[in-house]
Amino acid sequence: MEPEHRHLATPWAAGLAGVIFAILMAVAIVLVRVALPQGVEGSDVSIDAGQRTAVRTALELLPFAGIAFLWFMGALREQAGRAEDRFVSTVFLGSGLLFVATLFGAAAAAGTVLADTQQGSPFGRDYAYALLTTYAMRMAAVFILTTSTIGRRLGVLPRPLVVLGFLAGLTLLVVGSDVPWSELVFPGWALLLSLNILWERRRGAGARPADPT
């Protein structure tokens, strides 16, 4: 009975962690995008108190988003179990860890705007955008593609979600850094995947026969 309970807990953990990550990540992206408009050049750009508050709030949310993502990634890998392909799972794990690392790097760079009470750091702002839109989102694209590949091979993801995953991954991989607000594609995909996991678990639990005892 114990292994069965452990197996049933894994989809729940993956779905819940994915929902938490998606919400925190989306809120943090919106706050940073609004507070630090892209394409503003020059060192005389003033950052007002409201923008600083938005950046500070985003920086407080990102560590928890990263932790939720690691839990989400671990639960997904556990769900695949021994049936996972070692090559694909290695790319899956590596891209997820690199995403978290670059995400935290972008957060640290964005935090430089809080160092000066009068002006934000143009270098820190540009560096944060480069890490987020170019590097973190490329790793997110690889993570989406490998997750969709694993889900297709194991038959645990519905075909529309697999197709959507491939489209989202290719979008972030090819044109993500050139399309404003495209970073929201990743938390949006994570939210859909997590809701699907939770729905399938609920439907599976409802379909289980009652205990004869």
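**Legends: the fold and the enclosed cavity**

View 1. Of the contacts (heavy atoms within 4.5 Å) between residues at least 6 apart in sequence, 82% join residues at least 24 apart. The model is predicted: local features need pLDDT of at least 70 and side-chain atom pairs pLDDT 80 or more, whereas totals for chains, interfaces and linings use all residues. Residues are numbered from 1 along each chain as its sequence is written, and side-chain values use heavy atoms, without hydrogens and water.

**View 2. Helices and surface.** The chain contains 6 helices and 0 strands, the helices being DSSP runs of H or I with at least four residues and the strands runs of E with at least two, numbered from the N terminus. Of its 213 residues, 41% are buried, that is, under 20% relative accessible area with a 1.4 Å probe, protein chains only. Carbon and sulfur atoms account for 65% of the accessible surface of about 11,500 Å² (Shrake-Rupley method, 1.4 Å probe).

**View 3. The largest cavity.** A cavity is a set of points on a 1 Å grid over the protein atoms alone where a 1.4 Å probe fits but cannot get out; lining residues have an atom within 4 Å of a point. The count is 1 cavity of 30 Å³ or more, and the largest has a volume of about 120 Å³, taken as the space filled by probe spheres set on the points, which are joined across faces, edges and corners.

**View 4. The cavity lining.** Helix 1 (2-35), helix 3 (86-110) and helix 4 (122-154) each supply at least two lining residues. The lining includes Met 25, Leu 62, Leu 103 and Tyr 129. It comprises 12 nonpolar, no polar and no charged residues.

Terms used
1 Å grid on protein atoms, 1.4 Å probe; cavity = no way out; pocket = protein on both sides within 12 Å on 5 of 7 lines; lining within 4 Å. Nonpolar A, V, L, I, M, F, W, Y, C, P; charged D, E, K, R; others polar. Buried < 20%, exposed > 50% of the residue type's maximum accessible area, 1.4 Å probe, protein only.
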